[in-house]
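Trainee: Can we go through this one together? I would like the overall picture before the details.
Mentor: Fine, here it is.

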Amino acid sequence: MSSTLTAVAAMTLSEVTQKRFAQEVAKYPADQSQSAVMACLSIVQQENGWVSPEAELAVAQYLGMPAMAVREVSSFYNMYNLKPVGRYKINVCTNLPCQLRNGAGALAHLCERLGIEVGGTTADGLFTVQAGECMGACGDAPVVLVNDRSMCSFMGHDKLDQLVDGLRQSATDKAAT
Amino acid sequence: MTEQQLLSQFQAQGLESCFHDRHISPQILAGLNGNNWQLKDYEARGGYQALRKILGQDGSEGLSQDQVIAIVKESGLRGRGGAGFPTGLKWSFMPRQFPGSKYLVCNSDEGEPGTFKDRDILQFNPHIVIEGMAIAAYAMGIGVGYNYIHGEIFKTYERFEAALEQARAAGYLGDKIMGSSFSFQLHAAHGFGAYICGEETALLESLEGKKGQPRFKPPFPASFGLYGKPTTINNTETFSAVPWIIKNGGAAYLACGKPNNGGTKIFSISGDVERPGNYEIPLGTPFAKLLELAGGMRGGRALKAVIPGGSSAPVLPASIMMDITMDYDAIAKAGSMLGSGAVIVMDERRCMVKSLQRLSYFYMHESCGQCTPCREGTGWLWRMVDRIENGQGRPSDMDLLDNVAESIMGRTICALGDAAAMPVRGMLKHFRAEFEHHITHKTCMVAAHV
């Protein structure tokens, strides 16, 4: 993978992105900008859908750290997408407390409804479904996480259907405007 | 409807998990309704009075650092994140006179399967954490703090950021707090999906912008912590207990619980109960009472087993659970641990092999890979339990499981190895027959297993 890193050109960071980066860097001592790498990578992912090698290089240059150190982070933490995913990445918790309240059933239902395997993406590029580990919301099982930042609780099959239909609708609406 | 409007419809409102009248003498979750998380609401509940008191901004002469630590020691407060270490003692380890930077870190990386209390505290009462941290910083002479929040609860991270802004604007954080000589800067950081970062030194590595691999101890964080500086790390709920202790005194807090187990504790109950959720009750409350608060067993089924302190704690059978009280010492005596207070309840339909299969997968997945016994051992454990569950187990697997678990225990840098091994040993100790049945008959002992 390191050859990939040297072969790419850094992504251009917009002013808005740089401003968001700066807010994160400001939390840490002046000589510890690297501390902001987790937040910067999650910002990049929110804006682009995934963390590309070009984005890793841009973050590395912004924070003044080796690109490889950025890759160490992006590849260690489960939530970073190192490959493009669907427009809506849905993670379903299947750990034991959720399993006791049909977390596995929620995952199976989503996959069946979308016609994909666990980890797969729908042909229209709208949905990716993944099995996740504990999200710290076991009392609300079944629990799913949409695009890293929106947790949905008590997701029985009816609500999962509403979620999928609603997201599909909002994507269509957005495309129309 | 926009995406955000749609998604917000599915967001938990805390009604089920937190805002109910089934707490007993709550301190942290008292009076919350989901809409009263803001600064003015917290102040109306008596918030920031403890900070005012120690800084002598309430007309009194204030409290010295030693006095604050002495009160926390007297309270019997023990770490609420899992280890149960006495908080006052931990605070006394900090080299207060050390002239350079010192750091305070709140561990809100709540990923222990079964635990969801810190989320509700941060979401619905964030200022209690800020006040607790400010008091701790004062007691240890610390100028800067970070709250590291589990990446999966991003809305909660944003809520905490909003609360920080309010506290700064009101002068409860920042330079010369409330006109005193005490200054404390507090910031929020977030993880992004790594269970291991709940381990305190892995968390420090992550805060430094690295992969979260635990550090060898010693040196302990009190001497070599964040950026190599003296650092104290406590759990969210631990900090949240502090304002009440300062206002009401250490003895009053201790009196809420039982000796050596002071105060209230928030138990997160999940699994086969009628009403999963958070229940704040005094330590020493019988498990039977807690189960009753949670609405009893779902569907009136019989209790089979309980994992009393998060997935890393050894499972205990119903017969033991129904006789014990919920506190550090009683659960330890019964052969398990109170841990983070995550109570996973399983009814008579549950297959223990399948349950362990899922937990073993989790530990294999989350091992950071640094220590061989854990990296390799967690994989061995999962593969063996998996084949037993799938009817391919061998009679020799029983001893081999125990042997691999034994070979991990105590042989790794951090506690994740132990956390993977302990559930295995707990299961074999109390439910051995179920594993043997699986191996012999290649099928489940319970009819409708999950």
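**Chains, core and backbone**

Mentor: In chain B, 62% of the 450 residues are buried, where buried means under 20% relative accessible area, exposed over 50% and partly exposed in between (1.4 Å probe, protein chains only). This is a predicted model, in which local features need pLDDT of at least 70 and side-chain atom pairs count only at pLDDT 80 or more, while totals for chains, interfaces and linings use all residues. Residues are numbered from 1 along each chain as its sequence is written, chains are lettered from A and ligands numbered from 1 in the order in which they are written, and side-chain values use heavy atoms, with hydrogens and water left out.

Trainee: What share of chain A is buried?
Mentor: Of its 177 residues, 58% are buried.

Trainee: How many helices and strands does chain A have?
Mentor: Chain A has eight helices and four strands, taken as DSSP runs numbered from the N terminus (helices H or I, at least four residues; strands E, at least two). Their order along the sequence is α-α-α-α-α-β-α-α-β-β-β-α.

Trainee: And how many in chain B?
Mentor: Chain B has 18 helices and 11 strands.

Trainee: What are the spans of the two chains?
Mentor: The C-alpha trace of chain A spans about 50 × 40 × 30 Å along its principal axes. For chain B the spans are about 75 × 55 × 45 Å. The radius of gyration of chain B is 22 Å, which agrees with the value near 22 Å for a compact globule of 450 residues. That radius is taken over C-alpha atoms, and the globule rule is 2.2 Å times the number of residues to the power 0.38.

Trainee: New topic. Which residues have the most contacts inside the largest nonpolar core?
Mentor: They are A:Tyr77, B:Leu51, B:Trp91 and B:Phe184, in a core of 123 residues. Helix α7 (residues 126-140) of chain B gives the most to this core, with 11 residues. A nonpolar core is a set of buried Ala, Val, Leu, Ile, Met, Phe, Trp, Tyr and Cys residues joined through side-chain atoms within 4.5 Å.

Trainee: What does B:Leu51 touch?
Mentor: Leaving out residues up to four places away in sequence, B:Leu51 touches B:Glu131, B:Ala134, B:Ile135, B:Tyr172, B:Ile177 and B:Met178. Contact means heavy atoms within 4.5 Å. There is also a second, separate core of 31 residues, which includes A:Leu100, B:Ile307, B:Ala313 and B:Leu381.

Trainee: Back to B:Met178. What is its phi?
Mentor: About 50 degrees, a positive value although B:Met178 is not a glycine. B:Met178 sits in the loop between α8 (154-169) and β3 (185-190) of chain B.

Trainee: Buried or exposed?
Mentor: B:Met178 counts as buried, at 17% relative accessibility.

Trainee: What about B:Tyr227?
Mentor: B:Tyr227 is not a glycine either, and its phi is positive, near 55 degrees. B:Tyr227 is buried, with a relative accessible area of 13%, and lies in the loop between α9 and β4 of chain B.

Trainee: Where are the cis peptide bonds you flagged?
Mentor: One runs from B:Lys217 to B:Pro218, with omega near 0 degrees. Another joins B:Pro218 and B:Pro219, with omega about 0 degrees. B:Pro218 is in the loop between α9 (200-207) and β4 (231-235) of chain B, and B:Pro219 lies in the loop between α9 and β4 of chain B.
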